[in-house]
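Please read them with the structure open beside you.

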Amino acid sequence: MTASASTGSGSADADADVAVGDGAATPDPTAESTDRTVETTTRETRRWRGISAVALVAGGAGIVLRYPSLFLVGVIGVAYAAYARAATGLSMSLAVERTLSDPAPDPGDEVEVSVTVRNEGESTLPDLRLVDGVPDPIAVTDGVPRHGTSLRAGESATFEYAVTAGRGVHEFDRLLVVGRGMSGAVETRARVPTADVLRCESPFEPVSDVALRALTTRHAGRVETDDGGEGVEFHSTREYRPGDAISRIDWNRHARTGELATLRFRQERSATVVLLLDVREEAYLRPDEDRPHAVDRSVEAATAVFPALLDAGNRVGIAAFGPTEAWLPPGLGTDHRARARSLFSSHDAFSPEAPEADFYFNVRMRRLRKRLPEDAQVVLFSPLCDDQVARFARLVDAHGHLVTTVSPDPTGDDTPGHRLAGAERAARITALRGAGIRVVDVPAETSTEAALASTGKRWSR
Amino acid sequence: MTDEIPRLPSLHSGVVAAATVSVVTLALGFYAAIAVPFGVLALCAAAVAVGRGWRRAAVWAGILLFGGVVAAAVENAPTLVVLVGAGGAVVVWDLLDNAIGLGEQLGREADTRRTEVVHAAGSVALAFAVSAGSYGLYSVVGGGKPLSALVFLLVAVVALTSVLRT
Amino acid sequence: MSRLRRLAVAIGLVAAGTGFVFLLAPTYAGYVDVSEGFVILVGIVALLQGLRVVSRRRGSSVVEFETPDPETRQTLPTPGDGFDDDLAMRRGRHWAARRERVSKRLEAAAVDAVTYVEDCSEATAREALDAGTWTDDPVAAAFFADSLPQSASLWTKVRETVSLRPRFDRRAKRAARAVAALYEVTEE
């Protein structure tokens, strides 16, 4: 009992025309792909079981006690038993259209979703129960993505709800339809495929220079060296040696004194920075259900830091510290920026949902060590709520990489346990700072920009 | 944001079911006072069914109201009232059970009025049609009802229900 | 369909036909005489069948398709949930182990906090915990010192004795808050 969905009028991608039911629909050979197939299941609900007892008890009692009215009640029992027995599976033919008020919102934006279901079949569908396939990581913030209705042939029903967009590319799941006849004795379930996608990408807006200073005072940017050589800023002059570029000869001096001297400029060297995001299951923490979790906040911070570092002339790479591997080698340029952007919004490692795969610390650590360029500095994004990640930061530091930690605070203060965890995190931060690792604490409700800026100011003082 | 949606029965059907219980109880009580306590208990069971979403409470609401109908029939209440009461008992259970099913699948917050109305209309129409039909037949045939006819009909019901499993 | 069921259907249809004929044309009914005993027998069979149907209903349950909760997100923990859960547990198999875990965790956190705030050695911090001098909250201090400090007010002592909540829970919660307070004061 499976029928294919055929794309309807071909007007919009989001439209799904389906026909399901026993033989009511002929499978369409032009159906696009297998996952646009409607799965249907029909079964008895057994809710009317026992209704014939009304007929038997009333009839039996009526005849034994000689009460004609009681005997007549038996007729009602017979009628309902027949009503239930007569039910058959529905043949549903539905067209589903879903409209999103904004298919490409920014994270945190509210998107209105409107679903219209039209009965394309010949017969009335008396009882339709619809549950929309809202993507899992997205929360419905207004309205209900469920609807109960009944549709005559050609009639349509619409229901609306609003979701708050979260980072990522979210594909809407099939619309679940449970159809029943009048009596509800038989139920038919269909899962109608749709093709709607909510594409929610981080804006990738760089943090300001002031904020970046928290990361660059010691770290990156155009790291100025005290070595004279090629560059822009004047450093010193020295005696001309054969082989020096003509452009670097101090011609003024030559005109004045006749000597040949070579100009030396302050040498500049771009730094290599790797953004390391803690995406272990242990990092998926939030103070309460209404606020974003630490990994979302880490990614948000990383997507602001990444372009800023890149703009400042650094080679920037990305790595995930979690069960799923993600690695973007340090690089420069527009293409690199685009690659980073798509990595952040759609790579599995940075999923808005906590991973279920096992995480092997030592394996991941070894691979990272191999990959990190020797001179790479590391910016670690982690809520710092367990000792493993603190150990990790120290190990990376011990391997000779400068480590700065940006830590979104996911602790709450409503229960003793939450407060204690806050204290433990504070102790962990203190210990890291004691070991020479910089930690930028980003409290809840504070933007990365603000947290970095205030830390940067403190450090530069 | 809650972790679970409240999967409780929709209130509209519950209100209609409660109204049906009340009307049937009043009608039966008018002829046989003994039906009233059954009706009151049925109302309580209906309230539990709607409040908690317990299917068993919905079944009890139907059974209690049916008990009231049987009691009224024994007290020689008019045949039409008994028939309507019996239909009402089935309708009450059907409405409550349907509301619970809707609640489990869609939750109380979802808009389900239309399907509830259609379902209730079907159930009520059947009750009225069958009551009126059988009462009409009963009146037409009048006093000449031979007992043997009824016995054969009951035999038919027993034999067929044992096969149909409803 | 088994032979027995086919027979039942045949009997049912014949009986129904006969019943309707008799009902509409009562004159034919005169040919068949039903005795009182037969009527009662049929009635009782009907009632028994009714009981059987009811008991079968009791044994089966309504089957409906279940629907998912698409509107909800994955539930994620808040740091410290484990501590609260351990405390909330009053009895059960791992009760003692959980209690032990709560104590150990609190002690480690308190030692860290005191060494940081007082800038002292771990040994000194432990002494402060044992003496109950690390916090102003007498109930929190009593978690590590095992008794209320002498300085506790009479009111506190009375409340400690009268309170219905288990002493361990109450003190553990207050100690957790006191440890957190140590950081909040100094973080500014």
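**Notes on a predicted model**

1. Of the 461 residues of chain A, 49% count as buried. The model is a predicted one, and in it the secondary structure of chain A comes to 10 helices and 21 strands. When contacts in chain A are taken between residues at least 6 apart in sequence, 73% of them join residues that are at least 24 apart.

2. Chain B is built from 6 helices and 0 strands, so that reading along its sequence gives the pattern α-α-α-α-α-α. Its C-alpha trace spans about 70 × 40 × 25 Å along the principal axes. Buried residues make up 56% of the 166 residues in chain B, and among its contacts between residues at least 6 apart in sequence, 76% join residues at least 24 apart.

3. How confident is the predictor about chain B? The mean pLDDT of chain B is 89, with 94% of its residues at 70 or more. Among the elements of chain B, helix α2 (residues 35-52) has the highest mean pLDDT, 95, whereas helix α6 (residues 147-164) has the lowest, 84.

4. For chain C, the domain assignment gives domain 1 (3-53) and domain 2 (81-187).

5. Which parts of chain C touch chain B? The contact takes 30 residues from chain C and 29 residues from chain B. On the side of chain C that touches chain B, α1 (3-24), α2 (26-29) and α3 (36-59) of chain C each supply at least two residues, and α1(C) gives the most, with 11 residues. By class, this side of chain C has 18 nonpolar, 7 polar and 5 charged residues.

6. Chain C also touches chain A, with 44 residues of chain C in contact with 55 residues of chain A. The elements giving two or more residues to the side of chain C that touches chain A are α3, α4 (81-88), α5 (95-118) and α9 (167-187) of chain C. The largest share of that side, 13 residues, comes from α3(C). The residues on the side of chain C that touches chain A divide into 25 nonpolar, 8 polar and 11 charged.

Definitions and conventions
Residues are numbered from 1 along each chain as its sequence is written. Chains are lettered from A and ligands numbered from 1 in the order in which they are written. This is a predicted model: local features need pLDDT of at least 70, side-chain atom pairs count only at pLDDT 80 or more; totals for chains, interfaces and linings use all residues. Helices (H or I, at least four residues) and strands (E, at least two) are DSSP runs, numbered from the N terminus. A residue is buried if 20 or more other C-beta atoms lie within 10 Å of its own, exposed if 12 or fewer, and partly exposed in between; C-beta atoms are placed from the backbone. Two residues are in contact if their C-beta atoms, placed from the backbone, lie within 7 Å. Ala, Val, Leu, Ile, Met, Phe, Trp, Tyr, Cys and Pro count as nonpolar, Asp, Glu, Lys and Arg as charged, and the others, Gly among them, as polar. Domain bounds come from an automatic or database domain assignment. pLDDT is the predictor's confidence in each residue, from 0 to 100.
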